[in-house]
Amino acid sequence: MIKESADVAIVGAGPCGVTLSNLLGTYGVSTVVLDRESGVIDYPRAVAVDNESLRTFQAVGLVHEVLADCIQNAPIRYHNSHGRVLAHVGPSGQPFGWPRRNLFFQPLMEATLRRGLDRFPGLRLFADTEVTGLERTADGVVLTGTRNGEDVTVTARYVVGADGGRSFVRRSVGVELAGETNPSKWLVVDVSDDQLDAPYSAVHCDPVRPSMTIPLPYGHRRFEFKLLPDETDE
């Protein structure tokens, strides 16, 4: 059995959970991070980060490592339904000290943030760990789960649910997910070895099928197309 204790337990080691872990490590707060995946998910999801977020990475001492894998101050164009350019936005200023629009490859950013955890002796990351129980106590919280068939127990003063839209932590403490989701579906395609000579993002504002294309670092590119109501995912 694995038994751990810390001031803070974080469930989920995606970008939010691992960024918070770096912040807590910077402030000397003992932290245990639990994630059900064996490592960083190897396909991109989010693709852009702004200057205010970069200030957070600056606070934990990783901003230069993150920016090394970004397309910085990437321009974006908006086209009407006939293909004409409505607007070209080319951010060049740095009012908060860092580039304002930066395109990244999420697996690389997550790997950089996880490497940052190695700097802190009071921080421990347990991958391949499925959290299945959460009990609130007079002194904090007890998490239980499994890791490679072995029981895991973590005692902490606080728990943070950074485990995504289907959060186990949120359900366990009875916090409802407020708001609504746009019912439209989009097809998202990421490609490598990009051959398109367009070093900018492009949004095509077609009222029937809007679409966009986004260049990503190291020869990757994303395409997104709105699916019509009678179209299947396939």
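**Entry 1: cysteines**

I began with Cys70, whose sulfur lies 16 Å from the closest cysteine sulfur, in Cys16, and that is too far for a bond, since a disulfide is a pair of cysteine sulfur atoms within 2.5 Å. I then noted that the structure holds zero disulfides. For burial I used relative accessible area, with buried meaning under 20%, exposed over 50% and partly exposed in between, computed with a 1.4 Å probe and protein chains only. Cys70 counts as buried at 12% relative accessibility, whereas Cys16 is exposed at 63%.

**Entry 2: what kind of model this is**

I wrote down that this is a predicted model, in which local features need pLDDT of at least 70, side-chain atom pairs count only at pLDDT 80 or more, and totals for chains, interfaces and linings use all residues. Residues are numbered from 1 along each chain as its sequence is written, and side-chain values use heavy atoms, with hydrogens and water left out.

**Entry 3: the chain as a whole**

I looked up the secondary structure and found five helices and 14 strands, where helices (H or I, at least four residues) and strands (E, at least two) are DSSP runs numbered from the N terminus. The C-alpha trace spans about 65 × 45 × 30 Å along its principal axes, and 40% of the 234 residues count as buried. The chain exposes about 13,300 Å², of which carbon and sulfur atoms supply 51%; accessible areas come from the Shrake-Rupley method with a 1.4 Å probe, and for residues only the protein chains shown count as cover. Taking contact to mean heavy atoms within 4.5 Å, I noted that among contacts with a separation of 6 or more, 65% come from residues 24 or more positions apart.

**Entry 4: strand 4 and its partners**

I turned to strand 4 (residues 76–79), which is joined by four bridges to strand 5 (residues 85–89), the two running antiparallel; two strands pair if DSSP finds at least two bridges between them. Arg77 stands opposite His88 of strand 5. The hairpin of these strands has five residues between them, and there Gly83 takes a positive phi near 90 degrees. Strand 4 is also joined by four bridges to strand 12 (residues 201–204), this time in parallel, with Ser201 as the bridge partner of Ile76.

Tyr78 is in strand 4 as well and is partly exposed at 32% relative accessibility. Together with Leu86 and Val89, Tyr78 forms a nonpolar surface patch of about 260 Å² accessible area; such patches are made of residues with over 30% relative accessible area and no salt bridge, like charges being joined within 9 Å and nonpolar side chains (Val, Leu, Ile, Met, Phe, Trp, Tyr) within 5 Å.

How many salt bridges does the structure hold? I found seven, a salt bridge being a side-chain nitrogen of Lys or Arg within 4 Å of a carboxyl oxygen of Asp or Glu. In one of them Glu110 pairs with Arg45, the closest N and O atoms being 2.7 Å apart. Glu110 lies in helix 4 and Arg45 in the loop between strand 2 and strand 3, so the pair ties together parts that are 65 residues apart in sequence. Glu110 is buried at 3%, while Arg45 is partly exposed at 31%.

Gln106 also belongs to helix 4 (residues 106–117) and is buried at 4%. Leaving out residues up to four places away in sequence, Gln106 touches Pro15, Pro44, Arg45 and Ala46.

**Entry 5: the loop between strands 11 and 12**

I found a second salt bridge between Arg221 and Asp194, at 2.7 Å from N to O. Arg221 lies in strand 14 and Asp194 in the loop between strand 11 and strand 12, so parts 27 residues apart in sequence are tied together. Arg221 is buried at 1%, and Asp194 is partly exposed at 23%.

Asp193 is found in that loop too and is exposed at 59%. Asp193 has a positive phi of about 55 degrees although it is not a glycine. I kept in mind that most residues other than glycine have a negative phi. Asn148, in the loop between strand 9 (141–147) and strand 10 (150–161), likewise has a positive phi, near 55 degrees.
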